[in-house]
Amino acid sequence: MFGTQTRDVADDFNPRRRRTLWNTPNASMPTNTHTIRYRTPKKGLFNAHLMVKFEDLYGFMVEGNVDDVNVLNEVRERIREQGRVWWALEASKGANWYLQPRISSNGSEGMMSVTSLKLSVLTNTITLRRLVRKGVPPVLRPKVWLSVSGAAKKRSTVPETYYDELIRATEGKTTPATRQIDHDLPRTFPCHPWLNSEEGQASLRRVLVGYSFRDSEVGYCQGLNYVAALLLLVMKTEEDAFWMLAVLLENVLVSDCYTDNLSGCHVEQRVFKDLLAKKCPRISAHLEAMGFDVSLVATEWFLCLFSKSLPSETTLRVWDVLFNEGAKVLFHVALAIFKMREDDLLRIQHIGDVIDILQTTAHHLYDPDELLTFAFDKIGSMTTNTITKERKKQETVVMAELDQRIRRLSSLKMDG
(Lines give C-alpha, C1' and ligand atoms only; values in the text may rest on other atoms or scores of the structure.)
Protein backbone atom coordinates (compact mmCIF):
# COMPACT_ATOMS: atom_id res chain seq x y z
CA MET A 1 0.00 0.00 0.00
CA PHE A 2 1.26 3.45 -0.90
CA GLY A 3 2.15 5.41 2.21
CA THR A 4 0.44 8.79 2.21
CA GLN A 5 2.44 11.91 2.90
CA THR A 6 1.12 14.86 4.82
CA ARG A 7 3.14 17.71 3.33
CA ASP A 8 1.29 20.27 1.23
CA VAL A 9 1.94 19.87 -2.48
CA ALA A 10 -1.04 21.87 -3.68
CA ASP A 11 1.17 24.41 -5.44
CA ASP A 12 2.45 21.91 -7.97
CA PHE A 13 -0.70 19.92 -8.71
CA ASN A 14 -1.10 19.02 -12.36
CA PRO A 15 -4.20 20.96 -13.46
CA ARG A 16 -4.89 18.43 -16.20
CA ARG A 17 -5.97 15.95 -13.55
CA ARG A 18 -8.58 18.35 -12.23
CA ARG A 19 -10.29 19.47 -15.41
CA THR A 20 -12.75 17.59 -17.55
CA LEU A 21 -10.95 14.97 -19.59
CA TRP A 22 -13.63 14.02 -22.07
CA ASN A 23 -16.83 15.81 -22.99
CA THR A 24 -19.68 13.36 -23.47
CA PRO A 25 -23.01 14.44 -24.96
CA ASN A 26 -25.36 15.74 -22.28
CA ALA A 27 -27.86 13.11 -23.32
CA SER A 28 -29.90 13.22 -20.13
CA MET A 29 -30.94 16.85 -20.39
CA PRO A 30 -34.52 17.34 -21.61
CA THR A 31 -33.44 20.12 -24.01
CA ASN A 32 -31.12 17.85 -25.98
CA THR A 33 -32.94 16.43 -29.00
CA HIS A 34 -30.15 15.32 -31.34
CA THR A 35 -30.26 11.88 -32.91
CA ILE A 36 -27.49 9.49 -33.82
CA ARG A 37 -25.43 10.44 -36.84
CA TYR A 38 -24.73 7.69 -39.30
CA ARG A 39 -23.03 7.23 -42.66
CA THR A 40 -24.51 4.98 -45.34
CA PRO A 41 -23.17 3.83 -48.70
CA LYS A 42 -24.26 5.93 -51.69
CA LYS A 43 -25.83 2.93 -53.37
CA GLY A 44 -28.16 0.27 -52.08
CA LEU A 45 -31.51 0.04 -50.38
CA PHE A 46 -31.92 1.65 -46.97
CA ASN A 47 -33.25 -1.28 -44.99
CA ALA A 48 -32.76 -3.12 -41.72
CA HIS A 49 -29.91 -5.19 -43.15
CA LEU A 50 -27.87 -2.24 -44.40
CA MET A 51 -24.78 -1.78 -42.23
CA VAL A 52 -24.02 1.74 -41.07
CA LYS A 53 -21.40 3.36 -38.86
CA PHE A 54 -22.45 5.72 -36.10
CA GLU A 55 -21.11 7.37 -32.99
CA ASP A 56 -22.61 6.33 -29.68
CA LEU A 57 -23.16 8.39 -26.54
CA TYR A 58 -19.57 8.10 -25.34
CA GLY A 59 -17.75 8.74 -28.60
CA PHE A 60 -17.24 5.15 -29.72
CA MET A 61 -17.69 4.56 -33.46
CA VAL A 62 -19.70 1.39 -33.84
CA GLU A 63 -21.17 -0.53 -36.77
CA GLY A 64 -24.66 -1.91 -36.91
CA ASN A 65 -27.77 -2.03 -39.03
CA VAL A 66 -30.53 0.54 -39.30
CA ASP A 67 -32.54 -1.22 -36.59
CA ASP A 68 -29.58 -0.73 -34.23
CA VAL A 69 -29.59 2.99 -35.03
CA ASN A 70 -33.31 3.20 -34.32
CA VAL A 71 -32.88 1.36 -31.01
CA LEU A 72 -30.11 3.73 -29.93
CA ASN A 73 -32.26 6.74 -30.78
CA GLU A 74 -35.05 5.24 -28.66
CA VAL A 75 -32.54 4.69 -25.84
CA ARG A 76 -31.46 8.33 -26.02
CA GLU A 77 -35.07 9.43 -25.70
CA ARG A 78 -35.54 7.14 -22.68
CA ILE A 79 -32.39 8.65 -21.13
CA ARG A 80 -33.92 12.10 -21.52
CA GLU A 81 -37.18 10.92 -19.96
CA GLN A 82 -35.34 9.26 -17.07
CA GLY A 83 -33.35 12.47 -16.62
CA ARG A 84 -36.58 14.38 -16.10
CA VAL A 85 -37.49 11.95 -13.29
CA TRP A 86 -34.16 12.57 -11.56
CA TRP A 87 -34.46 16.36 -11.96
CA ALA A 88 -37.96 16.26 -10.47
CA LEU A 89 -36.72 14.28 -7.46
CA GLU A 90 -33.84 16.68 -6.96
CA ALA A 91 -36.32 19.53 -6.99
CA SER A 92 -38.55 17.89 -4.38
CA LYS A 93 -36.03 16.03 -2.18
CA GLY A 94 -32.92 18.17 -2.62
CA ALA A 95 -29.89 17.83 -4.91
CA ASN A 96 -28.14 15.27 -2.72
CA TRP A 97 -31.07 13.18 -1.54
CA TYR A 98 -29.33 9.92 -2.54
CA LEU A 99 -26.23 10.68 -0.47
CA GLN A 100 -27.96 9.57 2.76
CA PRO A 101 -26.83 6.39 4.60
CA ARG A 102 -27.68 3.12 2.88
CA ILE A 103 -29.50 0.12 4.32
CA SER A 104 -27.56 -2.81 5.72
CA SER A 105 -29.09 -5.94 7.20
CA ASN A 106 -26.18 -6.33 9.62
CA GLY A 107 -25.50 -2.69 10.43
CA SER A 108 -22.11 -2.62 8.67
CA GLU A 109 -19.88 0.40 8.85
CA GLY A 110 -21.13 3.37 6.86
CA MET A 111 -24.67 2.01 6.63
CA MET A 112 -27.73 2.04 8.82
CA SER A 113 -29.25 -1.06 10.38
CA VAL A 114 -32.77 -1.90 9.23
CA THR A 115 -33.95 -1.80 12.82
CA SER A 116 -32.79 1.80 13.29
CA LEU A 117 -33.98 3.14 9.96
CA LYS A 118 -36.04 6.23 9.64
CA LEU A 119 -38.90 5.98 7.16
CA SER A 120 -37.37 8.69 4.97
CA VAL A 121 -34.10 6.76 4.63
CA LEU A 122 -35.95 3.55 3.80
CA THR A 123 -38.05 5.36 1.22
CA ASN A 124 -35.00 6.97 -0.38
CA THR A 125 -33.14 3.64 -0.48
CA ILE A 126 -36.03 1.88 -2.23
CA THR A 127 -36.50 4.81 -4.60
CA LEU A 128 -32.79 4.88 -5.41
CA ARG A 129 -32.65 1.16 -6.13
CA ARG A 130 -35.59 1.43 -8.50
CA LEU A 131 -34.20 4.50 -10.22
CA VAL A 132 -30.69 3.09 -10.62
CA ARG A 133 -32.06 -0.04 -12.27
CA LYS A 134 -33.82 2.22 -14.78
CA GLY A 135 -30.59 4.09 -15.41
CA VAL A 136 -28.61 7.00 -13.99
CA PRO A 137 -28.53 10.05 -16.30
CA PRO A 138 -25.00 10.42 -17.78
CA VAL A 139 -24.44 13.83 -16.24
CA LEU A 140 -25.25 12.49 -12.77
CA ARG A 141 -23.23 9.29 -13.00
CA PRO A 142 -20.00 10.71 -11.53
CA LYS A 143 -21.71 11.98 -8.38
CA VAL A 144 -24.09 9.03 -7.99
CA TRP A 145 -21.38 6.41 -8.55
CA LEU A 146 -18.99 8.05 -6.09
CA SER A 147 -21.73 8.02 -3.49
CA VAL A 148 -23.43 4.63 -3.85
CA SER A 149 -20.19 2.69 -4.42
CA GLY A 150 -18.47 4.04 -1.32
CA ALA A 151 -15.68 5.65 -3.36
CA ALA A 152 -16.32 9.10 -1.91
CA LYS A 153 -16.04 7.73 1.62
CA LYS A 154 -12.86 5.83 0.74
CA ARG A 155 -11.29 9.00 -0.64
CA SER A 156 -12.26 10.96 2.47
CA THR A 157 -10.05 8.73 4.66
CA VAL A 158 -6.81 9.99 3.08
CA PRO A 159 -5.34 13.48 2.62
CA GLU A 160 -6.65 15.50 -0.32
CA THR A 161 -3.18 15.38 -1.84
CA TYR A 162 -3.12 11.58 -1.93
CA TYR A 163 -3.66 11.01 -5.64
CA ASP A 164 -1.26 13.70 -6.82
CA GLU A 165 1.45 12.56 -4.43
CA LEU A 166 0.93 8.98 -5.55
CA ILE A 167 1.32 9.93 -9.20
CA ARG A 168 4.44 11.98 -8.52
CA ALA A 169 5.95 9.15 -6.51
CA THR A 170 5.53 6.76 -9.44
CA GLU A 171 7.02 9.03 -12.11
CA GLY A 172 10.01 7.49 -13.84
CA LYS A 173 9.68 4.17 -12.05
CA THR A 174 9.59 0.92 -14.02
CA THR A 175 8.03 -2.30 -12.80
CA PRO A 176 6.59 -5.38 -14.51
CA ALA A 177 3.19 -3.72 -14.10
CA THR A 178 4.23 -0.46 -15.81
CA ARG A 179 5.78 -2.39 -18.69
CA GLN A 180 2.56 -4.34 -19.25
CA ILE A 181 0.49 -1.17 -18.96
CA ASP A 182 2.64 0.55 -21.61
CA HIS A 183 2.17 -2.48 -23.84
CA ASP A 184 -1.63 -2.44 -23.43
CA LEU A 185 -2.30 1.31 -23.74
CA PRO A 186 -2.37 1.46 -27.57
CA ARG A 187 -4.68 -1.56 -27.65
CA THR A 188 -7.28 -0.04 -25.30
CA PHE A 189 -10.27 1.02 -27.39
CA PRO A 190 -7.99 2.19 -30.23
CA CYS A 191 -10.94 3.54 -32.26
CA HIS A 192 -11.97 6.02 -29.58
CA PRO A 193 -10.70 9.51 -30.52
CA TRP A 194 -9.74 10.66 -27.02
CA LEU A 195 -8.50 7.36 -25.62
CA ASN A 196 -6.31 6.94 -28.69
CA SER A 197 -4.85 10.43 -28.28
CA GLU A 198 -1.61 11.25 -26.50
CA GLU A 199 -3.51 13.02 -23.74
CA GLY A 200 -5.97 10.16 -23.29
CA GLN A 201 -3.30 7.47 -23.08
CA ALA A 202 -1.23 9.54 -20.66
CA SER A 203 -4.25 10.00 -18.41
CA LEU A 204 -5.14 6.30 -18.53
CA ARG A 205 -1.52 5.39 -17.80
CA ARG A 206 -1.42 7.56 -14.68
CA VAL A 207 -4.58 5.97 -13.27
CA LEU A 208 -3.38 2.41 -13.94
CA VAL A 209 0.20 2.96 -12.78
CA GLY A 210 -1.03 4.82 -9.72
CA TYR A 211 -3.23 1.93 -8.69
CA SER A 212 -0.48 -0.62 -9.38
CA PHE A 213 1.62 1.15 -6.74
CA ARG A 214 -1.30 1.57 -4.34
CA ASP A 215 -1.89 -2.19 -4.30
CA SER A 216 1.20 -4.14 -5.31
CA GLU A 217 -0.61 -7.48 -4.86
CA VAL A 218 -2.95 -6.58 -7.68
CA GLY A 219 -0.44 -4.47 -9.56
CA TYR A 220 -1.90 -4.60 -13.03
CA CYS A 221 -3.91 -7.25 -14.82
CA GLN A 222 -5.06 -7.20 -18.42
CA GLY A 223 -8.69 -6.20 -18.43
CA LEU A 224 -8.22 -3.35 -15.99
CA ASN A 225 -7.17 -1.09 -18.87
CA TYR A 226 -10.64 -1.34 -20.41
CA VAL A 227 -12.36 -0.82 -17.07
CA ALA A 228 -10.24 2.22 -16.18
CA ALA A 229 -10.66 3.70 -19.67
CA LEU A 230 -14.44 3.62 -19.45
CA LEU A 231 -14.30 5.02 -15.91
CA LEU A 232 -12.28 7.95 -17.24
CA LEU A 233 -14.90 8.68 -19.90
CA VAL A 234 -17.68 8.68 -17.30
CA MET A 235 -16.01 10.31 -14.31
CA LYS A 236 -14.33 13.09 -16.34
CA THR A 237 -11.35 13.46 -13.97
CA GLU A 238 -8.43 11.15 -13.29
CA GLU A 239 -8.79 11.34 -9.55
CA ASP A 240 -12.46 10.34 -9.58
CA ALA A 241 -11.70 7.50 -12.00
CA PHE A 242 -8.86 6.33 -9.74
CA TRP A 243 -11.11 6.16 -6.69
CA MET A 244 -13.82 4.34 -8.61
CA LEU A 245 -11.22 1.79 -9.70
CA ALA A 246 -10.04 1.49 -6.09
CA VAL A 247 -13.49 0.89 -4.63
CA LEU A 248 -14.27 -1.54 -7.42
CA LEU A 249 -11.22 -3.71 -6.73
CA GLU A 250 -11.19 -3.34 -2.96
CA ASN A 251 -14.89 -3.41 -2.05
CA VAL A 252 -17.30 -4.18 -4.89
CA LEU A 253 -15.74 -7.20 -6.59
CA VAL A 254 -14.62 -10.44 -5.00
CA SER A 255 -11.01 -10.34 -3.80
CA ASP A 256 -8.15 -11.84 -5.85
CA CYS A 257 -9.92 -11.39 -9.19
CA TYR A 258 -6.93 -9.55 -10.60
CA THR A 259 -4.00 -11.06 -8.72
CA ASP A 260 -1.28 -13.06 -10.49
CA ASN A 261 -3.06 -16.42 -10.30
CA LEU A 262 -6.53 -14.94 -10.98
CA SER A 263 -7.89 -17.19 -8.25
CA GLY A 264 -10.88 -14.93 -7.64
CA CYS A 265 -11.76 -15.00 -11.33
CA HIS A 266 -11.53 -18.81 -11.36
CA VAL A 267 -13.90 -18.90 -8.39
CA GLU A 268 -16.40 -16.62 -10.14
CA GLN A 269 -16.33 -18.81 -13.25
CA ARG A 270 -17.12 -21.90 -11.19
CA VAL A 271 -19.92 -20.09 -9.38
CA PHE A 272 -21.31 -18.92 -12.72
CA LYS A 273 -21.25 -22.45 -14.12
CA ASP A 274 -23.24 -23.71 -11.13
CA LEU A 275 -25.72 -20.83 -11.41
CA LEU A 276 -26.19 -21.53 -15.11
CA ALA A 277 -27.09 -25.13 -14.23
CA LYS A 278 -29.67 -23.91 -11.69
CA LYS A 279 -31.15 -20.99 -13.60
CA CYS A 280 -30.86 -22.30 -17.18
CA PRO A 281 -30.74 -26.09 -16.80
CA ARG A 282 -31.56 -26.92 -20.43
CA ILE A 283 -28.81 -24.67 -21.76
CA SER A 284 -26.35 -25.96 -19.20
CA ALA A 285 -27.05 -29.62 -19.99
CA HIS A 286 -26.82 -29.02 -23.75
CA LEU A 287 -23.51 -27.15 -23.49
CA GLU A 288 -22.15 -29.77 -21.09
CA ALA A 289 -22.96 -32.51 -23.59
CA MET A 290 -21.12 -30.53 -26.28
CA GLY A 291 -18.09 -30.13 -24.03
CA PHE A 292 -18.42 -26.35 -24.05
CA ASP A 293 -16.74 -24.50 -21.17
CA VAL A 294 -18.68 -21.32 -20.33
CA SER A 295 -15.48 -19.64 -19.18
CA LEU A 296 -14.50 -19.35 -22.87
CA VAL A 297 -16.80 -16.33 -23.07
CA ALA A 298 -17.55 -15.48 -19.44
CA THR A 299 -13.95 -14.89 -18.32
CA GLU A 300 -13.67 -11.76 -20.45
CA TRP A 301 -17.10 -10.62 -19.32
CA PHE A 302 -16.10 -10.80 -15.66
CA LEU A 303 -12.53 -9.44 -16.02
CA CYS A 304 -13.56 -6.50 -18.22
CA LEU A 305 -16.97 -6.09 -16.54
CA PHE A 306 -18.58 -6.37 -20.00
CA SER A 307 -16.80 -3.23 -21.24
CA LYS A 308 -15.33 -5.08 -24.24
CA SER A 309 -18.50 -7.00 -25.02
CA LEU A 310 -21.54 -4.75 -24.58
CA PRO A 311 -22.19 -1.36 -26.20
CA SER A 312 -21.01 1.50 -23.99
CA GLU A 313 -24.34 2.75 -22.64
CA THR A 314 -25.50 -0.82 -21.97
CA THR A 315 -22.25 -1.49 -20.09
CA LEU A 316 -22.73 1.64 -18.02
CA ARG A 317 -26.30 0.69 -17.18
CA VAL A 318 -24.91 -2.59 -15.85
CA TRP A 319 -22.33 -0.62 -13.88
CA ASP A 320 -25.06 1.64 -12.46
CA VAL A 321 -26.54 -1.41 -10.75
CA LEU A 322 -23.15 -3.00 -10.03
CA PHE A 323 -21.98 -0.04 -7.95
CA ASN A 324 -25.28 0.13 -6.08
CA GLU A 325 -26.04 -3.58 -5.52
CA GLY A 326 -22.70 -5.37 -5.75
CA ALA A 327 -20.98 -8.07 -7.80
CA LYS A 328 -24.03 -10.37 -7.93
CA VAL A 329 -25.18 -8.14 -10.80
CA LEU A 330 -22.46 -9.63 -13.04
CA PHE A 331 -24.02 -13.07 -12.64
CA HIS A 332 -27.49 -11.74 -13.43
CA VAL A 333 -26.25 -10.13 -16.65
CA ALA A 334 -24.12 -13.07 -17.77
CA LEU A 335 -27.02 -15.47 -17.23
CA ALA A 336 -29.35 -13.13 -19.10
CA ILE A 337 -27.18 -13.18 -22.24
CA PHE A 338 -27.39 -16.97 -22.29
CA LYS A 339 -31.12 -16.96 -21.50
CA MET A 340 -31.94 -14.48 -24.26
CA ARG A 341 -30.61 -16.90 -26.87
CA GLU A 342 -31.80 -20.13 -25.29
CA ASP A 343 -33.65 -21.45 -28.35
CA ASP A 344 -30.72 -20.77 -30.67
CA LEU A 345 -28.20 -22.29 -28.28
CA LEU A 346 -30.25 -25.47 -27.92
CA ARG A 347 -30.27 -25.95 -31.71
CA ILE A 348 -26.55 -25.74 -32.42
CA GLN A 349 -23.98 -28.50 -32.10
CA HIS A 350 -20.62 -26.80 -32.56
CA ILE A 351 -18.60 -24.93 -29.93
CA GLY A 352 -17.59 -22.22 -32.39
CA ASP A 353 -21.25 -21.45 -33.07
CA VAL A 354 -21.91 -21.02 -29.34
CA ILE A 355 -19.14 -18.45 -29.06
CA ASP A 356 -20.34 -16.65 -32.19
CA ILE A 357 -23.95 -16.43 -30.98
CA LEU A 358 -23.03 -15.15 -27.52
CA GLN A 359 -20.47 -12.62 -28.75
CA THR A 360 -22.73 -11.32 -31.52
CA THR A 361 -25.65 -11.04 -29.11
CA ALA A 362 -23.59 -9.08 -26.59
CA HIS A 363 -22.14 -6.71 -29.21
CA HIS A 364 -25.63 -5.78 -30.46
CA LEU A 365 -27.40 -5.33 -27.12
CA TYR A 366 -27.98 -1.63 -27.70
CA ASP A 367 -31.14 -1.64 -25.58
CA PRO A 368 -30.08 -1.78 -21.89
CA ASP A 369 -33.66 -2.21 -20.72
CA GLU A 370 -34.05 -5.42 -22.71
CA LEU A 371 -30.93 -6.90 -21.12
CA LEU A 372 -31.72 -5.78 -17.57
CA THR A 373 -35.31 -7.00 -17.83
CA PHE A 374 -33.99 -10.46 -18.61
CA ALA A 375 -31.31 -10.14 -15.94
CA PHE A 376 -33.70 -9.42 -13.08
CA ASP A 377 -37.17 -10.50 -14.17
CA LYS A 378 -36.41 -13.64 -16.19
CA ILE A 379 -33.44 -14.94 -14.18
CA GLY A 380 -35.05 -14.40 -10.79
CA SER A 381 -33.55 -13.40 -7.47
CA MET A 382 -30.10 -14.38 -6.26
CA THR A 383 -29.14 -13.19 -2.81
CA THR A 384 -25.63 -12.04 -2.00
CA ASN A 385 -25.53 -14.55 0.87
CA THR A 386 -26.27 -17.44 -1.50
CA ILE A 387 -23.51 -16.37 -3.87
CA THR A 388 -21.08 -15.83 -0.98
CA LYS A 389 -21.68 -19.39 0.26
CA GLU A 390 -21.13 -20.75 -3.22
CA ARG A 391 -17.90 -18.75 -3.53
CA LYS A 392 -16.55 -20.20 -0.29
CA LYS A 393 -17.27 -23.72 -1.50
CA GLN A 394 -15.62 -23.12 -4.87
CA GLU A 395 -12.65 -21.28 -3.37
CA THR A 396 -11.51 -24.48 -1.65
CA VAL A 397 -11.60 -26.36 -4.94
CA VAL A 398 -9.84 -23.62 -6.91
CA MET A 399 -7.04 -23.19 -4.37
CA ALA A 400 -6.47 -26.97 -4.32
CA GLU A 401 -6.23 -27.01 -8.12
CA LEU A 402 -3.84 -24.05 -8.18
CA ASP A 403 -1.68 -25.67 -5.51
CA GLN A 404 -1.58 -28.90 -7.51
CA ARG A 405 -0.61 -26.96 -10.64
CA ILE A 406 2.25 -25.24 -8.80
CA ARG A 407 3.55 -28.56 -7.49
CA ARG A 408 3.36 -30.08 -10.98
CA LEU A 409 5.30 -27.16 -12.50
CA SER A 410 7.91 -27.37 -9.76
CA SER A 411 8.30 -31.09 -10.43
CA LEU A 412 8.79 -30.46 -14.14
CA LYS A 413 11.46 -27.87 -13.44
CA MET A 414 13.30 -30.25 -11.15
CA ASP A 415 13.13 -33.01 -13.75
CA GLY A 416 14.42 -30.62 -16.38
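**Pockets, rings and loops**

Author: Happy to. The second largest pocket has 22 lining residues, and those nearest its centre are Val-62, Phe-189, Lys-308, Leu-310 and His-363. Keep in mind that this is a predicted model.

Reader: How much space lies in that second largest pocket?

Author: About 540 Å³.

Reader: And which elements give two or more residues to its lining?

Author: Strand E3 (61–65), helix H8 (224–235) and helix H13 (312–325) do. E3 provides the largest share, with three residues.

Reader: What does the lining of the second largest pocket look like by class?

Author: There are 11 nonpolar residues, seven polar ones and four charged ones.

Reader: What about the phi of Phe-189?

Author: That phi is near 45 degrees, a positive value, and the residue is not a glycine. As background, most residues other than glycine have a negative phi.

Reader: Which other residue has a positive phi although it is not a glycine?

Author: Lys-236 is one, with phi at about 75 degrees. Lys-236 lies in the loop between H8 and helix H9 (238–252).

Reader: And why does Lys-236 count as partly exposed?

Author: Its relative accessible area is 21%, and buried would need a value under 20%.

Reader: Let's stay with the loop between helix H6 and helix H7. Which proline lies there?

Author: Pro-186 does, with helix H6 covering 176–184 and helix H7 covering 198–214. Pro-186 has 43% relative accessibility, so it counts as partly exposed.

Reader: What separation do the C-alpha atoms of Pro-186 and Asn-196 have?

Author: They are 6.8 Å apart, while the two residues are 10 residues apart along the chain.

Reader: New topic: how many aromatic pairs does the structure hold?

Author: It holds 19 of them. Take Trp-86 and Tyr-98: their ring centres are 5.9 Å apart and the planes are at 70 degrees, so this pair is edge-to-face.

Reader: Which parts does the pair of Trp-86 and Tyr-98 tie together?

Author: Trp-86 belongs to helix H1 (residues 66–93), and Tyr-98 to the loop between H1 and strand E4 (102–104), so the pair ties together parts 12 residues apart in sequence.

Reader: Are Trp-86 and Tyr-98 buried or exposed?

Author: Both Trp-86 and Tyr-98 are buried. Another pair is Phe-302 and Phe-331, with ring centres 5.3 Å apart and planes at 55 degrees, so that one is tilted.

Reader: Where in the chain do Phe-302 and Phe-331 lie?

Author: Phe-302 is in helix H12 (residues 295–303) and Phe-331 is in helix H14 (residues 328–340), so to speak a link between distant parts of the chain, 29 residues apart. Phe-302 and Phe-331 are buried as well.

Reader: Which residues form one aromatic cluster?

Author: Phe-302 and Phe-331 do, together with Phe-272, Trp-301, Phe-306 and Phe-338.

Reader: Nice. Which charged end sits over the ring of Trp-97?

Author: That of Lys-93, 5.9 Å from the ring centre. There is also Lys-378, which lies over the face of Phe-374 at 6.0 Å from the ring centre.

Reader: What is the lining of the largest cavity by class?

Author: Four nonpolar residues, one polar and three charged. H11 gives the largest share of that lining, three residues.

Conventions: Residues are numbered from 1 along each chain as its sequence is written. This is a predicted model: local features need pLDDT of at least 70, side-chain atom pairs count only at pLDDT 80 or more; totals for chains, interfaces and linings use all residues. Side-chain values use heavy atoms; hydrogens and water are left out. Rings of Phe, Tyr and Trp (its six-membered ring) pair if their centres lie within 6.5 Å; planes under 30 degrees apart count as stacked, over 60 as edge-to-face and the rest as tilted. Helices (H or I, at least four residues) and strands (E, at least two) are DSSP runs, numbered from the N terminus. Buried means under 20% relative accessible area, exposed over 50%, partly exposed in between (1.4 Å probe, protein chains only). A charge sits over a ring if NZ of Lys or CZ of Arg is within 6 Å of the ring centre and within 35 degrees of the ring normal. Ala, Val, Leu, Ile, Met, Phe, Trp, Tyr, Cys and Pro count as nonpolar, Asp, Glu, Lys and Arg as charged, and the others, Gly among them, as polar. On a 1 Å grid over the protein atoms alone, a cavity is a set of points where a 1.4 Å probe fits but cannot get out, and a pocket is an open set with protein on both sides within 12 Å along at least five of seven lines; lining residues have an atom within 4 Å of a point. Grid points are joined across faces, edges and corners, and a volume is the space filled by probe spheres set on the points.
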